[in-house]
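The following questions and answers concern a predicted model. Please consult the sequence and the structure as shown here.

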Amino acid sequence: MANMRTRILPKMLNSEVQEYLKHNDIIIVPVGTVEMHGGLPLDVETVISEAVALKMAEACDGLVLTGLQYFYAGATASGRGTIQVSIRDGIDYLGAVARDLLRVGFKRQIYISMHGPAHMTVSPMVRDFYDETGVPILYMDMTMQMFNNARDIFETDKMTSDPKAFMRLLDSMFVGGYQIMGRLEDVPLTTEFDVATPQSCAQFNDIFNVAYQSAAIGYCFGENTDHAATTAIPDEKTRKEMADVGQDLIERLVAKLNLPHVVEQMKKLEAYGLENEEKYPWMPSAFNRKK
């Protein structure tokens, strides 16, 4: 269905969703946050996740469920603009969404996020969902992709050797996300956040880094400048230049993810799981479905 009017589910007619589900069952669910983020809008990590999700959906003939942005923010809760929802509440809410997507016919669900701590909400839900339903749904951590599979695209080696250049690429990607979602003018023109200072909590990095992304120990940032310095965007020309660079980065990232292969693997994994349930009927998924 290459000529769809839109792939964003909330913008579709019910009849359009029904027509889509006659031939496919893929939904991409971007999980975002609303939190302080230097010179970028509070919903920047929601918008970038939605932009990546849209490009992913185009690559694998999927739909996108937007609007999921109030989840666990993390250490930015010291900011007055941050909306902090507990990890447990987020797991329960996202699980309810996942179960209802399955009810209406979306078996291949892919959850993504560009928000570092999102894994604490999404990963437990994904695993519990499988034990409950026997349907394997997937979480793709875009931050992890940037620093692993796509480190060449984002030049992540420059984080230490040329942090200013790395941050410009990262900020360009954020601005590119707003452009993809038709919201470029929501990115303010500002220069006041273009100052990278050591985080006030840097003295605790030794214990922060003993587990993955914000999952080691509880804390909040001591200064608003701890998250995040933002490349100066002094005029509309600069904003547009950054948006074009960022959109290209997003498109290259999605190409590297090879979504057609991913969704095919998900279908094969479901069949593999059903075979295992026949051999091991005490598996949680098999047991729960027989209740």
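A pocket is an open set of grid points with protein on both sides within 12 Å along at least five of seven lines, and its lining residues have an atom within 4 Å of a point.

Q: Which residues lie nearest the centre of the largest pocket?
A: The largest pocket has a volume of about 1,500 Å³. Its lining comprises 48 residues. Those that lie nearest its centre are Met159, Gln199, Phe221, Asp226 and His227.

Q: Which helix gives the most to the lining of the largest pocket?
A: At least two lining residues are supplied by each of α5 (142–147), α7 (158–161), α8 (163–180) and α9 (205–208). With seven residues, the helix that gives the most is α8.

Q: Why is helix α2 described as largely enclosed by the rest of the structure?
A: Helix α2 spans residues 44–60 and reaches 25 Å from its first C-alpha to its last, close to the expected 24 Å. Buried denotes under 20% relative accessible area. Helix α2 is largely enclosed because, of its 17 residues, the number buried is 15.

Conventions: Residues are numbered from 1 along each chain as its sequence is written. This is a predicted model: local features need pLDDT of at least 70, side-chain atom pairs count only at pLDDT 80 or more; totals for chains, interfaces and linings use all residues. Side-chain values use heavy atoms; hydrogens and water are left out. Helices (H or I, at least four residues) and strands (E, at least two) are DSSP runs, numbered from the N terminus. The expected span of a helix is 1.5 Å times one less than its number of residues. Buried means under 20% relative accessible area, exposed over 50%, partly exposed in between (1.4 Å probe, protein chains only). On a 1 Å grid over the protein atoms alone, a cavity is a set of points where a 1.4 Å probe fits but cannot get out, and a pocket is an open set with protein on both sides within 12 Å along at least five of seven lines; lining residues have an atom within 4 Å of a point. Grid points are joined across faces, edges and corners, and a volume is the space filled by probe spheres set on the points.
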